[in-house]
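Thanks for making time this morning. I would like to walk you through one model, so please have the sequence and the coordinates open while I talk.

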Amino acid sequence: MIALRTEREIGLLREANQIVAEVLTTLAGMVAPGITTLELDEAAEALILERGGKPSFKGYRGYPKSTCISVDEVVVHGIPGKQRIEEGQIVSMDVGVLLRGYHGDAAVTVPCGEIDAVKRRLLDVTDRALANGIAAARAGNFLRDIGRAVQDTCEREGFSVVRSFVGHGIGTQMHEEPQIPNFDSGERGPRLRPGMVLAIEPMVNVGGPDVRVLKDGWTAVTKDGQPSAHFEHSVVVTEDAPEILSAAPNLIWGRL
Ligand code: MF3
Ligand code: CO
């Protein structure tokens, strides 16, 4: 059963997601050579609490921090810690906020200083893949249309889409039905209807699609060690174009 949210619930989801957007915008402005991923996490947690929210990730299945910070070949679920970010790296930042019973969830990948041409294209293509996936999230379309749009955008550019993590419905739980693959799973899936709230989150690799999880049980890295990018928005399907609840107009990357 995929929940159809009321106007009131969508208002609450928008509020939670707008805190996420503010946090991501703040973190993006802090990324610079020498900063640690833990410093970014602590800034995020402080801002979330200041806004009256709770970090959705902390304690989720034992996850220890408030954000996921995933650098270069880390695909997702990088645990903030002592690692210092360096010039030339790409930094994915994923934030979840629980506010008055409803969750917000979004992620963006930003460059630290000057990055090489391949990484720049990876960020650009992954951001565009998310935009095209969102554009496919229209009432009357099928779930499959989202994954197809994301996959086409990435593979046309010679990049690959990660299979072992997917997007998700979001609402009173951070992870709700349906699962949202970033590729064509071969199944049409449910028809999209107004009021469905979806977290669409392509993870895109320069090399092959395969990932492995480190011994910490969380950190997912590309098997071939090549860079990976991740963008995520929470959106609501409407009678018209989808509304991006986590829209962050002041973010340079992932500005939707
Ligand atoms: N945005 C990610 C997701 O939807 C983040 C989850 S991290 C976790 O799965 F720690 F909370 F699992
Ligand atoms: Co998510």
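Let me begin with a term: by a polar contact I mean a pair of N or O atoms within 3.5 Å, where within protein one must be able to donate a hydrogen and the other to accept it, and where residues adjacent in sequence count only if both atoms are side-chain atoms. This is a predicted model, so local features need pLDDT of at least 70 and side-chain atom pairs count only at pLDDT 80 or more, whereas totals for chains, interfaces and linings use all residues. Residues are numbered from 1 along each chain as its sequence is written, chains are lettered from A and ligands numbered from 1 in the order in which they are written, and side-chain values use heavy atoms, with hydrogens and water left out.

With that term in hand, take Lys 119, which is found in helix H3, helices being DSSP runs of H or I with at least four residues and strands runs of E with at least two, numbered from the N terminus. A polar atom of the Lys 119 side chain lies 2.7 Å from the backbone oxygen of Gly 88. Because its relative accessibility is 9%, Lys 119 counts as buried, a word I use for under 20% relative accessible area, with exposed over 50% and partly exposed in between (1.4 Å probe, protein chains only).

Now the metal. Which residues are the protein donors of the cobalt ion, ligand 2? They are Asp 105 (OD), His 168 (NE2), Glu 201 (OE) and Glu 232 (OE), lying 2.1 to 2.3 Å from the ion, where donors are N, O and S atoms within 2.8 Å of the metal (3.2 Å for Na, K and Ca), and since water is not among the atoms, sites may look incomplete. Asp 105 in strand E5 and Glu 201 in the loop between E9 and strand E10 (203-205) are 96 residues apart, so that the pair links distant parts of the chain, and both of these residues are buried.

Ligand 1 is surrounded by 13 residues, the closest being Asp 94, His 168, His 175, Glu 201 and Glu 232, with a residue taken as near if one of its heavy atoms lies within 4 Å. A nitrogen atom of ligand 1 is 2.7 Å from an N or O atom in the side chain of Asp 94, while oxygen atoms of the ligand are approached by polar side-chain atoms of His 168 at 2.7 Å and of Glu 201 at 3.0 Å.

Back to the metal donor Asp 105: its backbone oxygen is reached by the side chain of Ser 234 at 2.7 Å. Ser 234 sits in strand E14 (residues 233-236), and it counts as buried because its relative accessibility is 0%.
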